[in-house]
Amino acid sequence: MPIKLPFRPRGGEFPPDLWTRCPSCGDMLYNKQLEKNLRVCPKCGHHFRLRVDARLAHLLDEGSFEERDADLESVDPLAFVDQKPYPERLAAAKVTTGLRDAALWGTGRIAGQRVALCVMDFAFMGGSMGSVVGEKVTRAAEHALDERIPLIVVSASGGARMQEGTLALMQLAKTCAAIARLAEEGVPYVSVMTDPTTGGVFASYAALGDVNLAEPNALIGFAGARVAAGTIAESLPPGFQRAEFLLEHGFVDQVVPRHELRDRLALLLGYLRPAEERVGARAAAGDGVSGLGGFNPLGFLAGGGERETGRG
Ligand SMILES: [Zn+2]
C-alpha cells in the first residue's frame, strides 16, 4: 500500500516529483536514488542529463571550484522575437534553472590536479550557444593558457542560439581560435560530450579535444538525423549519431560511463602535462638582440617537434 503524504495532491501511484520513468528500460526510478546514482539508471545504465551543479560536484575535488565571470549575461542585440521575445525566454530560463546562461566556467581540481573547467547545462534554453556561452568557453581557454593548466569542457547543447543569429555563429570561430592557441602552446584540452552535443557546439570546440570523450549513448552530431537522411536520400544505419557509433568511426576517442569519468579524466591529466612555456615563442617577439627579427630557430624547431609528438 502506498504511503499517504498529507500535503501532496493525489495524482496516482507515481507522482512525477518523486519518480522518473527510465526511457530505456521503462522502470520507475525513485528520484532521490537516481540523483545519488549520478542520474544513471541502476537497472539498464541509461544516462539521464545531469545539471551543472551535480556535474561539478561529481568531477571536481570538494570545495575546489571557483567560478569566474559569473555575472556575464546575454543581451538582445537583434531585438529577436519568435513566439516570444528573446528577453522573455531568457528570464524564464533563469527562473527555472537558477543560472544566468547555459554554461559556467571556473577553476578547480580533479584528484589534486588544477584545471580550467567549463560546463554546459542543457536545461537552460537547450544548452544553446550564444555570446555568453562562447565567451565563457573562450575565457576558460585563455585562462588555461595563461596559467598553463589543462582545459576541460563538458558539452550539452542543441547548437547555436538562433535568437542571437550571426553573433551566435561567430562563437564557433572565436572558440576555435582560442583552442587553436592552446594547441600551439602545448596546453592540453579534453572535451567531454554528453547527451546531446549537436549543431554549432559539435562543429566547434566540442570536437577539438586532444582527447574527445563521450558519455554512453549520447546523441552527437551536426545536423539532425532527418536532415542527414534527406540530404543523402538514404536510410541511416542503426545507432547513427550515438556516442558508440562515433567511437567506431573515429570521431570519439573513448566512451566513458559517468561513474568512471572523474577517474578517467584524472588519468588522462596525468599523461597530458602542459608543455613548458617556450622561451622562443613569447620572449623572441620583444627581443631585439637576436637580430633575426624575432625569429628563434631553436624555439621554432623545438616547437615543431613538440607539436609532432604532443599532438599526434
Ligand atoms: Zn533504465
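Q: In this predicted model, how many residues does the largest nonpolar core have, and which of them have the most contacts inside it?

A: As a general idea, nonpolar side chains in soluble globular proteins tend to be buried together. Here the largest nonpolar core has 61 residues, and those with the most contacts inside it are Ala103, Ala141, Ala144, Leu151 and Ile152. Helix α4, which covers residues 131–147, gives the most to this core, contributing seven residues.

Q: Which residues does Ala144 touch, once residues up to four places away in sequence are not counted?

A: With those neighbours set aside, Ala144 touches Ala116, Ile149, Pro150, Leu151, Leu182 and Val187. For the chain, residues 24 or more positions apart account for 64% of the contacts with a separation of 6 or more, and 36% of its 312 residues count as buried.

Q: Where do the buried residues of α3 fall when the helix is seen down its axis?

A: An α-helix has 3.6 residues a turn, so residues three or four places apart point the same way. In α3 the buried residues are Tyr86, Arg89, Leu90 and Ala93; seen down the axis, they fall within an arc of 100°, so they line one face of the helix. On the other side of α3, Glu88, Ala91, Ala92 and Val95 are exposed.

Q: What span should the 12 residues of helix α3 have at 1.5 Å a residue?

A: Helix α3, residues 86–97, should span 16 Å, and because its end C-alpha atoms are 16 Å apart, the model agrees with that expectation. Just after α3, Gly98 takes a positive phi of about 75°.

How values were computed:
Residues numbered from 1 in each chain as written. Predicted model: local features only at pLDDT ≥ 70, side-chain atom pairs only at ≥ 80, totals over all residues. Core = buried A, V, L, I, M, F, W, Y, C linked by C-beta atoms within 7 Å. Buried ≥ 20, exposed ≤ 12 C-beta atoms within 10 Å, placed from the backbone. Helix = DSSP H or I, 4+ residues; strand = E, 2+ residues; numbered from the N terminus. Contact = placed C-beta atoms within 7 Å. Expected span 1.5 Å × (residues − 1). Arc of directions from axis to C-beta.
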